[in-house]
Amino acid sequence: MGVIRQCSRSACRQSAVATLTYVYAESTAVLGPLATYAEPHSYDLCAQHAESLTVPRGWEVMRLAMPSSPPQPGPDDLLALANAVREAASAPAAPEHRTLRTPFDGPSPVEGTRRHLRILRDPS
């Protein structure tokens, strides 16, 4: 599950439901459904700020259709998930190979521990 994005307006703690982008060459603001990914030059807005959006004089607002509810996973999504689980379960376990370690590899990571940076001396 993805991270819930907040409204870009300062001091607003509401969840974002729409994305605002500007087309400066055409003096147009485009307001549409929340984008899949946060983009650096777009603004995520909550329902209140999306509804009350105003633009500079001479600019046009293009409001794209907003979905009434978040999209639910379809049968294709569920089949893809089931196939991925089946494939992972049927894959043979890889045999363990012993490899030679160099001094630069550091200690083997142990599950549940943190890795820390170390200073290494020049091998020469």
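**View 1. Side-chain contact of S42 with the backbone of E39.** In this predicted model, the backbone oxygen of E39 lies 3.2 Å from a polar atom of the S42 side chain. S42 is placed in the loop between β2 (28-33) and β3 (43-45). Its relative accessibility is 12%, and S42 therefore counts as buried, the limit for this class being under 20%. When neighbours within four places in sequence are left aside, S42 is in contact with T19, L20 and T21.

**View 2. The tilted ring pair of Y22 and Y24.** The search of the whole structure finds four aromatic pairs. In the pair formed by Y22 and Y24, the ring centres are 5.7 Å apart and the planes stand at 35°, so the pair is classed as tilted. Y22 counts as partly exposed, at 29% relative accessibility, whereas Y24, at 59%, counts as exposed.

**View 3. The edge-to-face pair of Y22 and W59.** Y22 also forms an aromatic pair with W59, with 5.9 Å from centre to centre and 85° between the planes, an edge-to-face arrangement. Y22 belongs to strand β1 (residues 18-23), while W59 is found in the loop between α1 (47-51) and β4 (60-63); the pair therefore ties together parts that are 37 residues apart in sequence. W59 has a relative accessibility of 24% and counts as partly exposed.

**View 4. The aromatic cluster.** One aromatic cluster is formed by Y22, Y24, Y43 and W59.

Methods
Residues numbered from 1 in each chain as written. Predicted model: local features only at pLDDT ≥ 70, side-chain atom pairs only at ≥ 80, totals over all residues. Heavy atoms only, no water. Helix = DSSP H or I, 4+ residues; strand = E, 2+ residues; numbered from the N terminus. Buried < 20%, exposed > 50% of the residue type's maximum accessible area, 1.4 Å probe, protein only. Polar contact = N/O pair within 3.5 Å; in protein donor to acceptor, adjacent residues only side chain to side chain. Contact = heavy atoms within 4.5 Å. Phe/Tyr/Trp six-rings, centres within 6.5 Å; stacked < 30°, edge-to-face > 60°.
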